[in-house]
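Let's take a quick tour of a protein model, with a few stops inside it. Have the sequence and the 3D view ready.

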Amino acid sequence: MAFSDESSSDYESIYQVKKKESNRILVCSMRKDTLMSKKTVKCPNCQRDIVVYQSPFLTVDIVIELEGGIVLIKRKYPPIAWALPGGFVDYGESLEDAAVREAQEETSLDVVLKRQLHTYSDPHRDTRSHNVTTVYTATAKGIPKAADDAKEICIFTKETLPKDLAFDHRRILEDYFGMSDECP
């Protein structure tokens with residue numbers, strides 16, 4: 001990362017770090033647009049330029065343990081494939097609340113979250129957009145019913161996983177089953 005003693009007019013300060021040895025402030029001269037995707041739009045009222053930074057969408061997925069297996073849904077909308085129940089986090093909603101809500105909406109199950117498995121952030125994990133997901137494990141009782149974005153629902157084991165899994169859900173399930181194999 002490049003540092004300069006002064007910032008030039010076409011660079012915006014991102015980081016300011018006090019360097020104790022020389023009592024100078026070092027300003028990172030890396031341009032913000034190299035770190036973050038942004039676009040400029042016109043305000044509909046005053047026609048001024050507004051800079052809009054593009055950020056990844058936040059989602060949750062849930063590995064629901066039920067009857068010796070895990071619950072997967074067959075998606076109703078593209079990509080049509082088997083997937084973990086999950087979806088987008090609403091503004092003002094915690095990740096945990098979103099996981100419980102999405103599980104209920106898609107499987108008709110009331111779940112109890114056990115733990116956070118991992119966060120997956122590969123920008124290419126979902127071809128529709130850059131989505132970052134936090135995955136939870138959960139338990140549930142009852143009979144799952146496909147609802148909302150799910151057109152089918154089924155319980156699978158490690159050995160019976162379907163070939164057509166959406167997004168990076170195969171990797172997530174490999175991580176989940178690997179973790180399960182390591183735990184007593």
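**Around Leu117**

Skipping its neighbours within four places in sequence, Leu117 is in contact (heavy atoms within 4.5 Å) with Val135, Tyr136, Thr137, Ile172, Tyr176 and Met179. Keep in mind that this is a predicted model, where local features need pLDDT of at least 70 and side-chain atom pairs count only at pLDDT 80 or more, while totals for chains, interfaces and linings use all residues. Residues are numbered from 1 along each chain as its sequence is written, and side-chain values use heavy atoms, leaving out hydrogens and water.

**Nonpolar cores**

- A nonpolar core is a set of buried Ala, Val, Leu, Ile, Met, Phe, Trp, Tyr and Cys residues joined through side-chain atoms within 4.5 Å; buried means under 20% relative accessible area, exposed over 50% and partly exposed in between (1.4 Å probe, protein chains only).
- The largest one has 16 residues, and Val63, Ile70, Leu72, Leu117, Leu161, Leu173 and Tyr176 touch the most other members.
- Helix H2 (169-182) is one of the elements supplying at least two residues, and its five residues are the largest share; helices (H or I, at least four residues) are DSSP runs, numbered from the N terminus, as are strands (E, at least two).
- Apart from this core lies another of 14 residues, including Ile64, Val71, Leu109 and Ala140.

**Cysteines**

- You'll find zero disulfides here, a disulfide being a pair of cysteine sulfur atoms within 2.5 Å.
- Cys46 is partly exposed at 44% relative accessibility, and Cys154 is partly exposed at 32%.
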